[in-house]
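Subject: Structure for you to look at

Hello,

I am handing over the structure that we talked about, and my notes on it follow below. Please keep the picture open while you read.

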Amino acid sequence: MKLAWDDTVLPFQLDRSDIRGRVARLDGVLDGILKQHDYPPVVEALVAEMSVLTALIGETIKLRWKLSLQVQTNGPVRMIATDFYGPQEDGTPARIRAYASFDADRLTDATPMEQLGEGYFAVLLDQGEGTTPYQGITPLHGKTLANCAEAYFAQSEQLPTRFELSFGRVTEPGKPEHWRAGGVMLQHMPKASPFAKELPGEGGSGAGGLLQASDLVEGDEEENWSRANILLNTVEEMELIGPNLPPTDLLVRLFHEEQPRVFDALPVRFGCSCSEAKVRQSLSIYSARDIEKMTTDDGRVTADCQFCGAHYDLDPKTVGFEAESASDG
């Protein structure tokens with residue numbers, strides 16, 4: 001039986017301090033993402049972590065269209081990309097998709113993070129037509145992708161942020177072994193713009209001079225932030241994943257003295273935005289001669305979606321700016 005709090009993100013606020021947060025639980029969403037691919041377990045773990053980060057961060061933003069997280073590296077796992085599409089209408093779910101690109105022969109028995117090598121963690125925010133996309137980048141930092149996200153918020157937006165995540169394969173009565181993920185995000189509310197552009201000249205206390213959350217709070221704010229983090233440190237992995245502990249009960253267990261207040265939960269689903277029309281649009285810049293070079297021995301132009309695995313098979317005469325018609329056949 002699907003639990004009511006699976007595949008949701010629950011926003012909350014700690015009324016005793018200027019700290020907001022999110023609790024995420026992913027079950028069917030991860031199934032939808034991972035079943036499209038036959039990833040090795042170490043790659044699945046990275047995609048699972050990236051997916052729950054995407055759910056937590058995406059719900060935090062007043063999103064009109066799309067949030068993307070990307071990791072680019074020189075390691076065995078070359079890229080991880082996720083997209084979070086905001087709800088199209090009130091009461092409708094958000095959608096998440098994700099994929100990874102990797103060199104199978106370079107994967108090792110080391111930890112998932114050690115498969116990444118050197119690279120960067122990027123956040124891209126696109127609010128749709130008529131707006132300028134926002135992009136922030138920070139070097140890969142720390143032992144987890146969550147550490148990278150924390151460094152991004154401290155460095156690029158000067159927002160003290162903490163993630164505590166858990167993910168892995170679980171076995172539940174009556175269900176085959178499958179992936180579940182969950183997590184809590186804490187973030188100190190900004191005093192000014194949430195997209196700060198100027199960074200302190202002296203740098204931060206993190207590796208390579210990167211800012212950390214502790215560099216951004218002082219006085220009472222520092223005390224409140226430290227107290228909330230100490231309480232979050234007591235959370236257990238199975239409390240984060242569930243499925244037997246509702247997020248509301250988890251918040252009471254962790255933060256009852258901080259006066260947690262919850263808001264409406266956001267449902268999330270696996271969803272891809274690919275379509276034949278978008279494939280045709282991407283091919284519309286090519287001439288008939290270019291299209292001929294893309295044509296298979298069977299006389300077709302094909303394309304596969306890296307996110308959902310959808311396969312598109314088109315008549316070459318109907319694609320490109322010299323197409324005979326706008327539809328196949």
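**The start of the chain**

Asp-7 sits in the segment before S1, where helices (H or I, at least four residues) and strands (E, at least two) are DSSP runs numbered from the N terminus. At 3% relative accessibility Asp-7 counts as buried, a word that means under 20% relative accessible area, whereas exposed means over 50% and partly exposed lies in between (1.4 Å probe, protein chains only). Phi of Asp-7 is near 55°, which is a positive value in a residue other than glycine.

Before going further, please note that this is a predicted model, in which local features need pLDDT of at least 70 and side-chain atom pairs count only at pLDDT 80 or more, while totals for chains, interfaces and linings use all residues. Residues are numbered from 1 along each chain as its sequence is written, and side-chain values use heavy atoms, with hydrogens and water left out.

**The protein as a whole**

The protein has 8 helices and 13 strands, and buried residues make up 49% of its 329 residues. Its accessible surface comes to about 16300 Å², of which 49% belongs to carbon and sulfur atoms; such areas come from the Shrake-Rupley method with a 1.4 Å probe, and for residues only the protein chains shown count as cover. If we take the contacts (heavy atoms within 4.5 Å) with a separation of 6 or more, residues 24 or more positions apart account for 65% of them.

Strand S1 (residues 8-14) and strand S2 pair in the antiparallel sense over 7 bridges, where two strands pair if DSSP finds at least two bridges between them. A hairpin through 4 residues joins S1 to S2, and Leu-10 of the pairing stands opposite Val-23 in S2.

Strand S2 (residues 19-26) is mostly covered, with 8 of its 8 residues buried. Ile-19, Gly-21, Val-23 and Arg-25 point one way from S2, and Arg-20, Arg-22, Ala-24 and Leu-26 point the other way. S2 also pairs with S9 in the antiparallel sense, over 8 bridges, and the bridge partner of Arg-25 in S9 is Gly-182.

Gly-182 in S9 also has Ser-166 opposite it. Strand S8 (residues 161-170) and strand S9 (residues 178-188) run antiparallel and are joined by 10 bridges. In S8, 7 of the 10 residues are buried, so this strand is largely enclosed by the rest of the structure.

**The nonpolar cores**

In soluble globular proteins, nonpolar side chains tend to be buried together. A nonpolar core is here a set of buried Ala, Val, Leu, Ile, Met, Phe, Trp, Tyr and Cys residues joined through side-chain atoms within 4.5 Å. The largest one has 58 residues, and those with the most contacts inside it are Ile-80, Leu-116, Phe-121, Leu-145, Phe-163 and Val-268. Helix H2 (residues 41-60) gives the most to this core, with 12 residues. This core draws at least three residues from each of domain 1 (8-270) and domain 2 (276-314), and the domain bounds come from an automatic or database domain assignment. Apart from it lies another core, of 16 residues, among them Trp-225, Leu-232, Leu-240 and Leu-250.

Thr-60 is buried, with a relative accessible area of 15%, and a polar atom of its side chain lies 2.8 Å from the backbone oxygen of Leu-56.

Arg-227 is placed in helix H4 (residues 219-232) and is buried, with a relative accessible area of 19%. The side chains of Arg-227 and Glu-258 are joined by a polar contact of 2.8 Å, that is, a pair of N or O atoms within 3.5 Å; within protein, one must be able to donate a hydrogen and the other to accept it, and residues adjacent in sequence count only if both atoms are side-chain atoms.

Phe-263 lies in the loop between strand S10 (260-262) and strand S11 (266-270), and at 38% relative accessibility Phe-263 counts as partly exposed. The C-alpha atoms of Phe-263 and Pro-11 are separated by 5.5 Å, although these residues are 252 residues apart along the chain.

Best wishes
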